[in-house]
Amino acid sequence: MRISRALLGVLVVGAALTVPGVALADVPPPAQVGSRYETASGNSIGRDCGYSAPLPSASGQALWTFCDTAVINPAGTVIGFIGGSTAAVGSYVAGQVPTTLSELPTPPAAPAVPSTRGPAPFLPTPSGLVLPGTTTACGASGTQSYAASWITGLTRGPNRVISGRSGSGLLFLTYTNVCVYNNAWTTQSYGVTFYDPVTNQLVGPATVFPRPAAGELAWQYRLGSPTFAADGYLYLYTSLCTSSAFGACGAGTVALARTPWSSSTGWSTGSSYRYWTGTTWSADPAAATSALPGARPFGIDVRVFPGRGYVAIEQTTIAGHYRVWTATAPTGPWTAGAEAVLPGCASTTTSWCYAFIGHPELSTANSLFISLHHPDDQHVRVVAVPW
């Protein structure tokens with residue numbers, strides 16, 4: 001689920017920027033993730049999949065990435081739309097929701113921040129996508145379609161050299177390439193890239209799983225939640241709800257894949273990926289068994305939280321129900337917590353909440369911070385729930 005569905009039906013951290021008459025500060029949850037552009041312009045930014053990660057070289061600063069982005073004026077009219085992804089950067093404080101992000105320009109432009117500029121495309125528009133069942137290019141004139149890269153995960157890079165740069169100074173993103181058309185979309189390929197926050201450049205982008213002859217990419221290849229583990233492997237997850245009714249997922253599976261990050265091209269070569277079968281690793285994605293036994297996922301997000309280990313946030317209904325799973329290793333064993341409802345989701349009036357994503361840098365000893373797309377204002381919102 002992306003905001004598109006609703007619409008179709010060098011970084012230099014400077015002194016705090018001030019807007020006349022407005023005090024800029026982070027706020028306690030629940031609250032919208034806000035940017036300086038919104039404060040300065042009075043417009044709102046509607047978007048989803050709000051992933052964040054601290055910048056390796058700037059203490060107290062974090063990168064936020066988003067998927068399809070709409071600029072909405074105070075009258076509620078969409079005055080701009082960016083299909084694909086946007087990004088912003090700003091300070092973070094544990095226990096607070098960031099409201100002073102600066103929107104980033106399209107790489108490799110690299111002006112100083114903070115800034116009140118508006119959002120701009122982040123990942124380039126993918127090529128080679130087609131309308132389902134045709135050879136017509138996605139986004140071709142007159143087709144009412146567009147090609148987009150939707151981000152599925154964000155984490156810090158590994159401690160090795162990446163394209164002549166120190167990997168520990170980079171961030172790593174995963175994404176799926178989709179064709180959006182006729183109030184729907186089809187996922188056709190999957191890619192990864194490193195990102196240099198100092199120069200605002202994408203480093204080593206690669207299509208890991210290209211578009212298959214059948215057109216639609218199998219769900220096992222739509223990976224996200226990347227983690228570079230100390231054992232030399234990059235671990236990733238994806239999920240599928242196999243049985244749903246009345247807005248609830250009754251059964252499903254969570255696949256776990258890994259690839260060696262100690263290899264110079266492990267993350268960019270599809271043939272190096274292996275899937276967890278419950279006892280061993282297989283090159284056949286169909287052999288994967290659910291890493292989270294008994295999962296009922298409409299969506300899954302897995303992150304490593306200091307002092308908590310691996311934490312998986314599983315959305316189980318469209319009304320905001322979720323479960324938090326924990327494990328000490330990517331393969332588990334995983335323990336599920338009690339099912340609960342994210343604050344505010346049960347009271348939505350236009351649609352449903354989705355894109356439940358955890359934020360280790362914002363969370364505290366007592367509270368897990370989760371971002372979500374809230375349909376009433378089409379905005380990324382952060383809530384805090386007890387551990």
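Is cysteine 67 buried or exposed, and what is its relative accessible area? Cysteine 67 is buried, at 0% relative accessible area, where buried means under 20%, exposed over 50% and partly exposed in between (1.4 Å probe, protein chains only). The views below show a predicted model, in which local features need pLDDT of at least 70, side-chain atom pairs count only at pLDDT 80 or more, and totals for chains, interfaces and linings use all residues. Residues are numbered from 1 along each chain as its sequence is written, and side-chain values use heavy atoms, with hydrogens and water left out.

**View 1. A disulfide joins cysteine 49 to cysteine 67, with an S to S distance of 1.7 Å.** A disulfide is here a pair of cysteine sulfur atoms within 2.5 Å. Cysteine 49 lies in the loop between strands E2 (44–47) and E3, and cysteine 67 in the loop between strands E4 (61–66) and E5 (69–72), 18 residues apart. Strands (E, at least two residues) are DSSP runs numbered from the N terminus. Cysteine 49 is also buried, at 2% relative accessibility.

**View 2. Cysteine 138 and cysteine 179 form a disulfide with sulfur atoms 2.2 Å apart.** The link is right-handed, with 95° about the S-S bond. Cysteine 138 belongs to the loop between strands E8 (102–103) and E9, whereas cysteine 179 is in strand E12 (residues 171–181), 41 residues away. Relative accessibility is 11% for cysteine 138, which counts as buried.

**View 3. Cysteine 241 and cysteine 249 form a disulfide with sulfur atoms 2.3 Å apart.** This link is right-handed as well, with 115° about the S-S bond. Cysteine 241 is partly exposed, at 23% relative accessible area, while cysteine 249 is buried at 2%.

**View 4. Tryptophan 64 and phenylalanine 66 form a stacked aromatic pair, 6.1 Å centre to centre with 15° between the planes.** Rings of Phe, Tyr and Trp (its six-membered ring) pair if their centres lie within 6.5 Å; planes under 30 degrees apart count as stacked, over 60 as edge-to-face and the rest as tilted. Tryptophan 64 is buried at 1% relative accessibility, and phenylalanine 66 at 0%. The charged end of arginine 47 sits over the ring of phenylalanine 66, 3.7 Å from its centre; the criterion is NZ of Lys or CZ of Arg within 6 Å of the ring centre and within 35 degrees of the ring normal.

**View 5. Phe172, Phe194, Phe228 and Trp267 form one aromatic cluster.** Both phenylalanine 194 and tryptophan 267 are buried.

Technical notes. Helices (H or I, at least four residues) and strands (E, at least two) are DSSP runs, numbered from the N terminus.
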